[in-house]
Amino acid sequence: MSQRTVALEALRGDLIARIERYQASKQRFEGALDKDIEDQSIELENSEVVDSLENEAEAELKQVMHALKRIDAGEGEHCDRCAAIIDPKRLVALPYTTRCMHCADLP
Ligand SMILES: [Zn+2]
């Protein structure tokens with residue numbers, strides 16, 4: 001197993017734990033029905049913040065899973081857009097990337 005795979009699997013574990021924490025904290029917000037209106041609106045705002053954090057973590061998790069799939073298929077070192085070899089230093093810095101530097105910002 002490569003160092004990159006180890007890093008990706010650790011990241012995957014972190015992200016799954018984070019998403020579970022976000023979901024648990026949202027359940028707490030929803031459970032608090034006996035508060036006054038002001039408290040409820042603060043909690044609603046908090047739950048929107050948690051939602052956006054959760055979406056971010058889910059997008060990152062998707063990217064990690066995609067990178068692991070490409071590694072499994074033997075294509076982990078190749079850009080998924082232009083098929084060029086991705087700079088190994090880039091893969092150390094961003095283990096979840098599946099694009100070369102040139103394609104990174106392209107749609
Ligand atoms: Zn590329």
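Trainee: What does A84 count as by relative accessibility?

Mentor: The model is predicted: local features need pLDDT of at least 70, side-chain atom pairs count only at pLDDT 80 or more, and totals for chains, interfaces and linings use all residues. Residues are numbered from 1 along each chain as its sequence is written, and side-chain values use heavy atoms, without hydrogens or water. Buried means under 20% relative accessible area, exposed over 50%, and partly exposed in between, with a 1.4 Å probe and protein chains only. A84 has 31% relative accessibility, so A84 counts as partly exposed.

Trainee: Which residues does A84 contact, leaving aside neighbours within four places in sequence?

Mentor: A84 is found in the loop between α2 and α3. Helices are DSSP runs (H or I, at least four residues; strands are E, at least two), numbered from the N terminus. Contact means heavy atoms within 4.5 Å. With neighbours within four places set aside, the partners of A84 are E77, H78 and C79.

Trainee: How far apart are the C-alpha atoms of A84 and M101?

Mentor: These two residues are 17 places apart along the chain. Their C-alpha atoms are separated by 9.9 Å.

Trainee: What is the phi of A83?

Mentor: A83 is found in the loop between α2 and α3. At 49% relative accessibility, A83 counts as partly exposed. Most residues other than glycine have a negative phi. A83 is not glycine, yet its phi is positive, near 70°.

Trainee: Which protein atoms are donors of the zinc ion?

Mentor: Donors are N, O and S atoms within 2.8 Å of the metal (3.2 Å for Na, K and Ca); water is not among the atoms, so sites may look incomplete. Here the distances run from 2.3 to 2.4 Å. Along the chain the spacing is C-x2-C-x17-C-x2-C. The donors are the SG atoms of C79, C82, C100 and C103.

Trainee: What is the arrangement around the zinc ion?

Mentor: Four donors count as tetrahedral if all angles lie between 85 and 135 degrees; four count as square planar and six as octahedral if opposite donors are over 155 degrees apart and all others between 65 and 115; anything else is irregular. The ideal tetrahedral angle is 109.5 degrees. The 4 donor atoms here subtend 104 to 114°, so the arrangement is tetrahedral.

Trainee: Is C103 buried or exposed?

Mentor: Compare C82, which is partly exposed at 38% relative accessible area. C103 has a relative accessible area of 0%, so C103 is buried.

Trainee: Which element gives the largest share of the lining of the largest pocket?

Mentor: A pocket, on a 1 Å grid over the protein atoms alone, is an open set of points where a 1.4 Å probe fits, with protein on both sides within 12 Å along at least five of seven lines; lining residues have an atom within 4 Å of a point. This lining includes S2, R4, I71, P88 and P95. Two or more lining residues come from each of α1 (3-31) and α3. The largest share, 4 residues, comes from α1.

Trainee: Is R70 buried or exposed?

Mentor: R70 lies in helix α2. Beyond four places in sequence, R70 touches residues including E75, C79 and T98. Its relative accessibility is 14%, so R70 counts as buried.

Trainee: Is E45 buried or exposed?

Mentor: E45 is placed in helix α2. Its C-alpha atom is separated from that of E20 by 19 Å. With a relative accessible area of 54%, E45 is exposed.
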